[in-house]
Amino acid sequence: MNFKKDKYEIIPNAISDEMANFLYLYSLLKRRVAKTFMDTRRISRFTKDFGTWTDPQMPNTYSVYGDIAMDTLLYKMGPIMEKKSGYELVPTYSYMRVYKKGDVLKRHKDRMSCEVSITMNLGGDPWPIYLSKNTKDGKETSQGYKPSKAKGIKVNLNPGDMLIYRGCELEHWRNKFEGKECAQVFLHYNKAGKNSNLMDGRLHLGLPSDIKMEVNNDRRKT
């Protein structure tokens with residue numbers, strides 16, 4: 001498979017086993033800290049700075065937007081993504097989840113801050129992702145995205161492996177998770193240009209989504 005032709009490509013061992021395991025344990029600890037902070041009312045259950053269990057796409061599952069460690073990985077993987085995609089890219093945002101038994105990721109396409117994306121397995125039990133290129137009958141409706149019924153391509157990733165894909169163009173999903181837990185991080189990029197949506201509109205990487213950019217012309221500023 002080739003990204004330029006197929007709009008997706010698997011990159012085995014994109015990060016070392018040691019780094020993947022570090023980020024996996026970090027993800028589990030971050031989830032535990034967020035839960036303790038909420039239980040002790042150190043932070044509100046409605047703040048997203050330490051993560052949330054209220055993402056409507058995956059309710060009751062821990063996720064965090066723009067985590068500092070994950071946004072650092074987003075920045076570091078940029079040159080590899082440019083080489084593989086053939087595009088000049090800018091980072092938009094990272095998004096990490098620790099999935100639990102019974103989770104289902106419904107068929108969907110991504111928003112426009114996700115033109116070129118990575119999903120990377122950090123650790124836990126295996127959980128394949130599916131992609132479909134034949135999605136002409138899938139469409140956005142007033143009730144949300146109406147998925148196609150096209151057959152998917154099954155992709156298995158080991159810890160440290162990553163899949164790069166055109167998330168705004170390819171439907172992607174995961175069937176019911178039968179394992180105990182699985183940590184994945186999504187790293188999103190857009191093509192450089194006037195409407196690139198650099199850092200998803202944030203002032204700089206590592207920030208939540210509501211701290212917006214003022215003036216920043218450095219596409220690689222961290």
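**A walk through the model**

Guide: Lys 7 is found in the loop between α1 (3–6) and β1 (8–11), where helices (H or I, at least four residues) and strands (E, at least two) are DSSP runs numbered from the N terminus. This is a predicted model, in which local features need pLDDT of at least 70 and side-chain atom pairs count only at pLDDT 80 or more, while totals for chains, interfaces and linings use all residues. Residues are numbered from 1 along each chain as its sequence is written, and side-chain values use heavy atoms, with hydrogens and water left out.

Visitor: What is the phi of Lys 7 near?

Guide: Most residues other than glycine have a negative phi. Lys 7 is partly exposed, with a relative accessible area of 32%; buried means under 20% relative accessible area, exposed over 50%, and partly exposed in between, with a 1.4 Å probe and protein chains only. The phi of Lys 7, a residue other than glycine, is positive and near 75°.

Visitor: Is Arg 41 buried or exposed?

Guide: Arg 41 sits in the loop between α2 and β2, just after α2, and takes a positive phi of about 60°. Because its relative accessibility is 77%, Arg 41 counts as exposed.

Visitor: How many helices and strands does the protein have?

Guide: Buried residues make up 50% of the 222 residues in the protein. Of the contacts with a separation of 6 or more, 77% are between residues 24 or more positions apart, a contact being heavy atoms within 4.5 Å. As for the elements themselves, the protein has four helices and 12 strands.

Visitor: What span does α2 reach from its first C-alpha to its last?

Guide: In α2 the buried residues are Ala 20, Leu 23, Tyr 24, Ser 27, Leu 28, Lys 30, Ala 34 and Met 38, and what covers them includes β2, α3, β3, β5 and β12. The expected span of a helix is 1.5 Å times one less than its number of residues. With 23 residues, α2 comes close to the expected 33 Å, since its span from first C-alpha to last is 33 Å.

Visitor: What arc do the buried residues of α3 cover around the axis?

Guide: In helix α3 (residues 68–76), Met 70, Asp 71, Leu 73 and Leu 74 are buried. They lie on the same side of α3 because the arc they cover around the axis, taken from the directions from the helix axis to the C-beta atoms, is only 155°.

Visitor: Which exposed residues does the face of α3 turned away from its buried side carry?

Guide: The buried residues of α3 have a cover that includes α2 (17–39), α4 (78–85), β3 (89–100), β5 (116–124) and β12 (181–191). On the face turned away from that buried side, α3 carries the exposed residues Ile 68 and Lys 76.

Visitor: Which residue caps the N-terminal end of α3?

Guide: The cap is made by a side-chain oxygen that lies 2.9 Å from the backbone nitrogen of Ala 69. The residue that caps the N-terminal end of α3 in this way is Asp 67.

Visitor: Which side chain does a polar contact join to that of Ser 94?

Guide: Ser 94 has its place in strand β3 and, at 1% relative accessibility, counts as buried. Among the residues that Ser 94 touches, not counting those up to four places away in sequence, are Val 64, Asp 67, Met 70 and Phe 186. A polar contact is a pair of N or O atoms within 3.5 Å; within protein, one must be able to donate a hydrogen and the other to accept it, and residues adjacent in sequence count only if both atoms are side-chain atoms. At 2.6 Å, such a contact joins the side chain of Ser 94 to that of Asp 71.

Visitor: Why is the pair of Phe 37 and Phe 50 edge-to-face?

Guide: The structure holds six aromatic pairs, counted when rings of Phe, Tyr and Trp (its six-membered ring) have centres within 6.5 Å, with planes under 30 degrees apart stacked, over 60 edge-to-face and the rest tilted. The centres of Phe 37 and Phe 50 are 5.1 Å apart and their planes are at 75°, so the pair is edge-to-face.

Visitor: Which residues do ring pairs link into a cluster with Tyr 99?

Guide: Tyr 99, at 0% relative accessibility, counts as buried, and Trp 127, at 6%, counts as buried. Ring pairs link Tyr 99 into a cluster with Trp 127 and Phe 177.
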